[in-house]
Amino acid sequence: MNFELKTLSLPAAAAHKCDLLVLLVPDGFKPEADALSVLVARALKAGDLETKPGKLLSLYAVPGISARRLVLLGCGKANAQAVRQAVHALAATLRAPAVKHVGLVFATAAEAGSVAAAVRAMADGSYVFTTTKPKAEPRALARVTLGVPAERSDVQPEFATAIALVAGIEYAREWANRPANHATPTLVGEAAKALARHAGIECKLHGPAQVAKLGMGAFLAVAQGSEQPLRFIELRYGGAARSQAPVVLVGKGITFDTGGISLKPAAEMDEMKFDMGGAASVLGVFRALAELKPAINVVGLIPACENMPDGRAVKPGDVVTSMSGQTIEILNTDAEGRLVLCDALTYAARFKPAAMIDIATLTGACVVALGGLRSGLFSADDELAGRLLAAGDAAQDPCWRMPLDDDYAEGLKSNFADLANVAGRAGGAITAAKFLQSFVGDIPWAHLDIAGTAWKSGAAKGATGRPVGLLLHYLLAAAEAPAAKRKTPAPRRARAAR
Ligand code: BES
Ligand code: MN
Ligand code: ZN
C-alpha cells in the first residue's frame, strides 16, 4: 500500500481524483463557501451528519466532487484516538474491491499524531489475510492520499514513522496469523532470514545441535516432543556505532502450544498458533527498523519451537539444566514459554545490552487481569518501565505496570531443583515474570505479557500486530535519548544477598 501526504484545501480535495474521498469533519467545523463546506453545512444542519467520531454520511456522484464516492466522516476532537475510531468505522468500505485509491482529507488543521493514526487505521481497516485463502479477494486498496489543509513541519516525520510501523505491524500479523503448519520454526527462521535482505540487518539461525552446544537445556526440553526441529533466531540491526550497547528484544516463538503432556483442553486450542505472537512482534520491529534506519543498535532473539505431547516429550517432574546453570523442575509442561525464554535471556547477556525486553503470550492469568486492552508490563527498573509505558501511550498500544515483589517468587521453590516452572494459580502472570527475573542478572530488563493483546478471538479472530507500535516508539525515543546511548551498560548494582 502506498501512502502520500499532500496539502489539500477543500476545493482541491473536491477536485482530487480517487475512488473514494473521505472528509474528516471535526467538532465545531466552520464551513466556508466551497462545495464540500456547503455540503457539510447542509448535512449538519439537517441532522444527517454528526461530528462524533465514526458517524458518517455516504454520498454518491455528487456534482462538483471528482471522486464518485464521498464519505463525510465525523472525527470529534480530531485527536489520534478519535481519528482512529472514525477511520475504523470505514472498514467495510475500505475492503470494497472497487476502492483502490482513497483520498482521506482533514477538513481542518491536523496534529501529527492524528495523521499517523489515520495512516495506521487505514491500513488496519483494509488488512486481509490471504496466505491460506488463495481464492479470497486480496486487499484492493493500493494507494492512500492523506490531505491536510496546511503544511506543518512536524507532520512529515510522524507520517514516515507511521508508514514504517504499518509495514512492521503487517509483517507481524502475517506471521502470527499463519497456521502452525505454515509457520513452523523452520519457516519462521526463513522469515527472519528474509529480513536480512534489508541493509543494516543480519540474521543467524541456530539449529538443535548448536542450541545443545550452548547448553540451553530448558529450551531443548520444550522442543524435544516435536518432529519439527527448533530454531534459535538471532537478528541484528546496526544503526549506531558498534561500541554502543544494544537493546535486546526476546520474542516467545512457540509456533504451536498444545500444552505438551500437560495437554490443553480442545476448546479454542487452535488459537495456540498465536503463541509466537512475541516472536512475530520482534520480526515486525525489524521490518520497521529496515524502513526507518534509526541511530540505535538492536538485537532480536527468538527461541522457536512447538510444544507437543509425544513419547519423547518432557514429563511433569522432569528436571532440566538451563543455560544459566540453574536447574528447573518442570511441574507443568504447559508453562513452556518461560522455559524457552529463560535460556534466550541468559544468551542475551553476551551482547552487554543497555536493556533487554522480552515479549511473550505468556499467561492466561494476564488475560484475566488486564483483558485485551493493555499488555502486562513487568520491570524492576523504574526508568525502563516509564519509557515503555510512555511509548505504549504514544503508539496507542498501551501497557500497564504489574508488581514484582520478591515474595511472589515463594511458590517457585522446588524440593528437587533450583526452581519450579510453576507456582500456584494465584497471581499467575506475576509468578511467571518472577521466574524470568531469575535469569536476567543485573541487566535492565522488562517483560511484556501480551497474552491478551496479541490476537483477538471470536468473529474478528486474528493477530493484532501488537506490541510492534509500543516497541518501535520505545526504540525511536531511545535512539534520541542519552540513557540508551551510554557506551557501557548501567553501573552494576551489587547483587542482593541470596
Ligand atoms: N501460551 C500459554 C498462555 C496463554 C493461554 C495465552 C491462553 C493466551 C491464552 C502459555 O504457554 C500457558 O499455557 N500458560 C499457562 C501457565 C500455567 C500452566 C502456569 C496458563 O496460562 O494457563
Ligand atoms: Mn503453554
Ligand atoms: Zn504458550
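Let's start with the manganese ion, ligand 2, and the pattern of its donors along the chain: they follow the spacing D-x76-D-x1-E. Keep in mind that what we have on screen is a predicted model.

Which residues stand behind those letters? The manganese ion (ligand 2) is coordinated by D257 through OD, by D334 through both O and OD, and by E336 through OE. The distances run from 2.1 to 2.2 Å. If you look at the angles among the 6 donor atoms, they span 71 to 169°, and the site of this manganese ion is irregular.

How exposed are these donors? E336 has a relative accessible area of 0%, so E336 is buried. D334 is partly exposed, at 22% relative accessibility.

Now move over to the zinc ion, ligand 3. The manganese ion (ligand 2) and the zinc ion (ligand 3) are 3.2 Å apart. What links them? D257 does, as a residue that coordinates both ions.

The protein donors of the zinc ion (ligand 3) are K252 by its NZ, D257 and D275 by OD, and E336 by OE. They lie 2.0 to 2.4 Å from the zinc ion. In sequence, the spacing reads K-x4-D-x17-D-x60-E. The zinc ion (ligand 3) has 6 donor atoms with angles of 78 to 175°, and its site is octahedral. Find K252 in the loop between β9 (247-251) and β10 (253-257), and then D275 in the loop between β10 and α10 (277-292). Parts that are 23 residues apart in sequence are therefore tied together by this pair. Both residues are out of the way, too: K252 is buried at 2% relative accessible area, and D275 is buried at 1%.

Next, a strand. Please find β5, residues 101-106. Why do we call β5 largely enclosed by the rest of the structure? Because 6 of its 6 residues are buried. You can check this face by face: on one side sit H101, G103 and V105, and on the other V102, L104 and F106, all of them buried.

β5 also has partners. Strand β2, residues 20-25, runs parallel to β5 and is joined to it by 5 bridges. As an example, V22 has L104 in β5 as its bridge partner. Then there is strand β6, residues 143-148, which pairs with β5 in the parallel sense, over 5 bridges. There, G103 stands opposite T145 in β6.

On to the nonpolar interior. In soluble globular proteins, nonpolar side chains tend to be buried together. Here, the largest nonpolar core has 62 residues, and the members that touch the most others are L249, L283 and I357. Let's zoom in on L283. Setting aside residues up to four places away in sequence, L283 touches Y171, W175, V188, A191, A192, L195, L235 and I302.

A355 is in strand β14, residues 355-360, and is buried with a relative accessible area of 4%. Not counting residues up to four places away, A355 touches P246, V247, V248, L384, P444 and Y474. And how far is A355 from E480? Their C-alpha atoms are separated by 15 Å, while along the chain the two are 125 residues apart.

The other residue is T161, in helix α6, residues 155-177. T161 is buried at 16% relative accessible area. Apart from neighbours within four places in sequence, T161 is in contact with L292, L472 and L476.

Last topic: cysteines. A disulfide is a covalent bond between the sulfur atoms of two cysteines. How many disulfides does this structure hold? The count is 0. Take C203: its closest cysteine sulfur belongs to C305 and is 17 Å away, which is too far for a bond. C305 is in no disulfide either, with the nearest cysteine sulfur, that of C342, 12 Å away. Both C203 and C305 are tucked inside: C203 is buried at 13% relative accessible area, and C305 is buried at 0%.

Methods. Residues numbered from 1 in each chain as written. Chains lettered and ligands numbered in written order. Predicted model: local features only at pLDDT ≥ 70, side-chain atom pairs only at ≥ 80, totals over all residues. Heavy atoms only, no water. Donors = N, O, S within 2.8 Å, 3.2 Å for Na, K, Ca; no water. Tetrahedral: all angles 85-135°; square planar, octahedral: opposite > 155°, others 65-115°. Buried < 20%, exposed > 50% of the residue type's maximum accessible area, 1.4 Å probe, protein only. Helix = DSSP H or I, 4+ residues; strand = E, 2+ residues; numbered from the N terminus. Contact = heavy atoms within 4.5 Å. Disulfide = S-S within 2.5 Å. Core = buried A, V, L, I, M, F, W, Y, C linked by side-chain atoms within 4.5 Å. Pairing = 2+ DSSP bridges.
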